Amino acid sequence: VFKNPSSTHSAGMLIDQSGLKGLKIGDAQISIKHANFFVNNGNAKADDMIKLIKEAKQQATTILDQANT
């Protein structure tokens, strides 16, 4: 879903470090196998996926900001 923000920090790694693997909003979920895979478990609405993506982006940005300070 996301581009890697740098060569040293992958998006999946940042989402994983945020502890978001497995997070569900509605029927949308961040994969428990790979944090950069977002899954529709059958009946996810576009709004569910957008909310999940926004949450992951916010948390990953926080982790990246902490790493850069």
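Which side chain meets D16 in a salt bridge? I looked this up in a predicted model. The partner is K21, and the N to O distance is 3.8 Å. The cut-off for a salt bridge is 4 Å, so this pair counts.

**Entry: surroundings of the first pair.** I checked how open the two residues are. D16 has a relative accessible area of 38%, which makes D16 partly exposed. K21 is also partly exposed, at 34%.

**Entry: another pair.** I noted that D47 forms a salt bridge with K51. Their closest N and O atoms are 3.2 Å apart. I then asked where these two residues sit. Both are in helix α2, which covers residues 46-67. They are 4 residues apart there, so about one helical turn separates them. D47 is partly exposed at 42% relative accessibility, and K51 is partly exposed at 45%. I wrote down the total as well: the count comes to 2 salt bridges.

**Entry: the largest pocket.** I looked up its volume and found about 150 Å³ of space. Which elements give two or more residues to its lining? They are α1 (11-17) and α2. The largest share comes from α2, with 4 residues.

I went through the lining by name. The residues are F2, K3, P5, A11, L14, I15, K57, A60, T61 and L64. I sorted this lining by residue class and got 7 nonpolar, 1 polar and 2 charged.

**Entry: a link between the topics.** I see α2 in both parts of these notes. The helix holds D47 and K51, and α2 also gives 4 residues to the lining of the largest pocket.

Conventions. Residues numbered from 1 in each chain as written. Predicted model: local features only at pLDDT ≥ 70, side-chain atom pairs only at ≥ 80, totals over all residues. Heavy atoms only, no water. Buried < 20%, exposed > 50% of the residue type's maximum accessible area, 1.4 Å probe, protein only. 1 Å grid on protein atoms, 1.4 Å probe; cavity = no way out; pocket = protein on both sides within 12 Å on 5 of 7 lines; lining within 4 Å. Points joined across faces, edges and corners; volume = space filled by probe spheres on them. Nonpolar A, V, L, I, M, F, W, Y, C, P; charged D, E, K, R; others polar.
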